[in-house]
Amino acid sequence: ILGLVSALTVWVTQAEGKSSRLLHVVSFKFKETASKEQIKEVENAFRALKGKIPEIVTLEWGLNVSPEKLDKGFTHCWVLSFKSDKDRDAYLAHPDHKKFGVSLGPVLGDVFVFDFWSKE
């Protein structure tokens with residue numbers, strides 16, 4: 001049923017002449033013991049997923065620069081886009097994504113994930 005709902009959402013959106021993307025937002029808070037080199041390895045490994053997992057349409061990332069001081073210690077944000085729930089699910093189950101997740105163990109303090117369909 002979820003696949004049908006996703007397909008209908010994409011179809012209706014396209015029929016209305018609008019484009020909608022499934023956005024997958026991931027924020028990282030690193031352990032205080034994580035070195036700059038370890039964090040750089042995480043950045044490079046996450047970026048590399050775009051070339052390894054064909055379902056990823058776009059991958060953008062950056063460091064928090066907000067002056068509001070509401071980041072709760074999260075320093076890195078990644079925004080990936082997908083054409084469908086099915087593509088996002090394929091990314092989540094992909095062996096390279098799983099391997100990346102395991103590699104985070106020694107350095108990751110916390111993670112926040114939020115998925116949504118973009119709207120105008």
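Let's start in the loop between S2 and S3, where you'll find Lys69. The model is a predicted one, and in it Lys69 has a phi near 60°, a positive value in a residue other than glycine. Lys72 sits in the loop between S2 and S3 too, and its phi is near 55°, again positive without being a glycine. Are these lysines buried or exposed? Lys69 is exposed, with a relative accessible area of 71%, and Lys72 counts as exposed as well, at 69%.

| Residue | Where | Relative accessible area |
|---|---|---|
| Lys69 | loop between S2 and S3 | 71% |
| Lys72 | loop between S2 and S3 | 69% |
| Lys52 | helix H2 | 46% |

Now step back to the whole chain. It has four helices and four strands, and if you read along the sequence they come in the pattern α-β-α-β-β-α-α-β. Of the 120 residues in the chain, 31% are buried. Look at contacts with a separation of 6 or more, and 75% of them join residues 24 or more positions apart.

Next up is helix H2, which covers residues 36-52. Its 17 residues reach 25 Å from the first C-alpha to the last, close to the 24 Å expected at 1.5 Å a residue. Which residues of H2 are buried? They are Ile39, Val42, Glu43, Phe46 and Leu49. Seen down the axis of H2, these buried residues fall within an arc of 110°, so they line one face of the helix. There's a simple bit of geometry to keep in mind: an α-helix has 3.6 residues a turn, so residues three or four places apart point the same way. The face of H2 turned away from the buried side carries exposed residues, namely Lys36, Glu37, Glu41 and Gly51. And what covers the buried residues? The cover includes strands S1 (22-30), S2 (58-63) and S3 (76-82), along with helices H3 and H4.

Lys52, the lysine from the table, belongs to H2. With a relative accessible area of 46%, Lys52 is partly exposed. Set aside its neighbours within four places in sequence, and Lys52 is in contact with His94 and Asp96. How far apart are Lys52 and His97? They are 45 residues apart in sequence and 9.0 Å apart in space, C-alpha to C-alpha.

Helix H3 has a buried side as well, made up of Asp85, Arg88 and Tyr91. Viewed down the axis of H3, these buried residues fall within an arc of 120°, so they line one face of the helix. On the other side of H3, Lys86 and Ala93 are exposed.

That leaves the pairing of H3 with H4. Helix H3 (residues 85-93) and helix H4 (residues 95-103) pack at an angle of about 50°, with their axes 5 Å apart. That angle makes H3 oblique to H4. Who makes the contact? From H3 it's Tyr91, Leu92 and Ala93, and from H4 it's Pro95, His97 and Lys98. Sorted by type, the residues of this contact come out as four nonpolar, one polar and one charged.

Key. Residues numbered from 1 in each chain as written. Predicted model: local features only at pLDDT ≥ 70, side-chain atom pairs only at ≥ 80, totals over all residues. Heavy atoms only, no water. Axes fitted to C-alpha atoms, helices over the stretch in contact; angles between N-to-C directions. Helix = DSSP H or I, 4+ residues; strand = E, 2+ residues; numbered from the N terminus. Parallel < 35°, antiparallel > 145°, perpendicular 65-115°, else oblique. Contact = heavy atoms within 4.5 Å. Nonpolar A, V, L, I, M, F, W, Y, C, P; charged D, E, K, R; others polar. Expected span 1.5 Å × (residues − 1). Buried < 20%, exposed > 50% of the residue type's maximum accessible area, 1.4 Å probe, protein only. Arc of directions from axis to C-beta.
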